[in-house]
Amino acid sequence: MNEDVTLAKWLNDEMNDRELKDFMAQPEYATYNKIKELSGQLTVPQADMDALYQNITRNRNKANQPKVRKLNPWMPRVAAILVLALGITFFLYTTKTTTQLAAAGERDTFLLPDNSEVVLNAGSEAEYKEFNWSSNRKLELNGEAYFKVAKGKTFDVVTPLGTVTVVGTQFNVKARNGRLDVTCFEGKVKVTNGKETVFLTPGKTVAYENGKNLNLADITTHKPGWLNHETYFGKVRLQEIISELERQYKVTINLDAEVNPDAEVKKRFSGTIPMNNIDTALDQILPIYHLQAKKEGNTITLSAE
Amino acid sequence: MKQDNPAGICEELTFSGFFRSHAKALRNFLYYKFGNEEQADEATQEAFIKLWENCANVPPEKAKSFLYTVANNTTLNHIAHKKVVLEYSKKNVNHDTNNQSPEFLMEEEQFKVKLQNAIENLSEAQRSAFLLHRIDGKKYHEIAEILGIGVKAVEKRIHGALLQLRKDIDTFR
């Protein structure tokens, strides 16, 4: 009986006439025939075959790069983070600026990456980038500093008032309150203040006040006086001396309102003022301007004699 | 492994043509097994994606059997079986219904329901073989290929299915 497949033969119309006749004679035939007839009318709920194909195409395109799919999903992330971290580090390193600061009453001596020496005078700030220093020797200065620059290509000191370019030299740059003073002690210095360019040789000094050349006389020293606490002033107004005293001695100096700023005060001063003894310094200046000083703690008030 | 020949199943046109001629039957077959449309759709997609991924290694004449092998392997992992919901074709081809007596029509409706229930109660192997023949009009040798069995085994399943269906229907008559 195991091998009996007569019903399958019948369903597939494979019976010969005799077999068929015998089969039709059986009582079950009616049911079988109905099954055959009605099962032929059965249908399957239909699917959207187009959508199905779209899905396959979508997945298939992904399958075109099987190697990519097999990568651990965190691998590209780790790589991205590494690249990002590296990029940020590089960015920070290349853009990192070093700032040197000398507060009022202080000095700051420091070396640049090429061992150039910089001495910042009181109340000054210098900023530079250590990255790629040897091919881009540039320093931003706000205030006054003395430079002893190592041999090499150009060296730029950028101030809000102009740029000083030097080659292996010693020089002083002072950029304060709209006035730029540059003195060359050794080598050659180029000063550019937007309007004009001046070359300085040792002993020469140049000063611009609001862009105007003050035509200062040559100096005779080999180093700026302030390094030895003897500041040289060339054609300065009283206000500039007062500002310098405030920086050096860390005091506040008020000019009395009664003092006529137009007459005496506008007189320009040229000379050296000690920066290690405020009384001596005041004694030297006050007679010139016919002023007297009154000291109260860290505040000095200057009034007319 | 001739990668320099992009023809065969890897060719877009060949692939879509192959899909059109085989996808529906494959989906029906999977539906008979699962009794669930979603699973049938999913397994159909999976099988075709597998075929595409291996298109370079499958010659066109082997593609069909590859497809059904993959599908059969997939179904092994899905044993949970749900109801196979089948419908009768709306247009009645064989009968001019207007000429039938109401009694006859009612009887036929009852028979239809019984047949549906009986099909549901068939074993999965019998149902697949039977419905592939009845709904998809597959020849026995085609069913054998699809199921990965011999023609004789198909005939046995069909025979068994008919036997079982008749018993079920006549028992509840």
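This is a predicted model: local features need pLDDT of at least 70, side-chain atom pairs count only at pLDDT 80 or more; totals for chains, interfaces and linings use all residues.
Q: What holds the strands of a sheet to one another?

A: Strands of a sheet pair through backbone hydrogen bonds, and the pairing is either parallel or antiparallel. In this model, strand E1 (residues 42-43) of chain A pairs with E1(B) in the antiparallel sense, over two bridges. Within that pairing, Thr43(A) stands opposite Glu87(B).

Q: Where is a hairpin with two residues between its strands?

A: The strands are E16(A) and E17(A), and Gly297(A) in the turn has a positive phi of about 60°. Strand E16 (residues 291-296) of chain A and strand E17 (residues 299-304) of chain A run antiparallel and are joined by six bridges. To follow the pairing, find Gln292(A), which stands opposite Ser303(A) in E17(A). Then find Ala293(A), which stands opposite Leu302(A) in E17(A).

Q: In what order do E14, E16 and E17 of chain A lie in their sheet?

A: The order is E14-E17-E16, and these three strands of chain A form an open sheet with mixed pairing. Strand E14 (252-255) and E16 of chain A each have a single partner strand and stand at the edges, so one side of each has no neighbour in the sheet. From one strand to the next, the twist averages 25°.

Q: How many residues lie between E3(A) and E4(A) in their hairpin?

A: Five residues lie between E3(A) and E4(A), and Asn115(A) in the turn has a positive phi of about 70°. Strand E3 (residues 108-111) of chain A and strand E4 (residues 117-120) of chain A run antiparallel, joined by four bridges. Asp108(A) stands opposite Leu120(A) in E4(A). E4(A) also pairs in the antiparallel sense with strand E6 (residues 138-148) of chain A, over four bridges. There, Val118(A) stands opposite Phe147(A) in E6(A).

Q: What span should helix H6 (residues 74-95) of chain A have?

A: A helix span can be estimated at 1.5 Å a residue, so the 22 residues of H6(A) should span 32 Å. The end C-alpha atoms of H6(A) are 31 Å apart, which agrees.

Q: How many of the residues in H6(A) are buried?

A: The count is zero among its 22 residues, and H6(A) is hardly covered.

Q: Why does Lys64(B) count as partly exposed?

A: The idea is to count C-beta neighbours inside 10 Å; Lys64(B) has 19, so it counts as partly exposed. A residue needs 20 or more to be buried. Lys64(B) lies in helix H3 (residues 60-76) of chain B. His22(B) is 42 residues away from Lys64(B) in sequence, but 7.7 Å away in space, C-alpha to C-alpha.

Q: How many C-beta neighbours does Asn33(A) have inside 10 Å?

A: Asn33(A) has 13, so it counts as partly exposed. Asn33(A) belongs to helix H3 (residues 29-39) of chain A. Trp10(A) is 23 residues from Asn33(A) in sequence and 9.9 Å from it in space, C-alpha to C-alpha.

Key. Residues are numbered from 1 along each chain as its sequence is written. Chains are lettered from A and ligands numbered from 1 in the order in which they are written. A residue is buried if 20 or more other C-beta atoms lie within 10 Å of its own, exposed if 12 or fewer, and partly exposed in between; C-beta atoms are placed from the backbone. Two strands pair if DSSP finds at least two bridges between them. The expected span of a helix is 1.5 Å times one less than its number of residues. Axes are lines fitted to C-alpha atoms, for helices over the stretch in contact, and angles run from 0 to 180 degrees between N-to-C directions.
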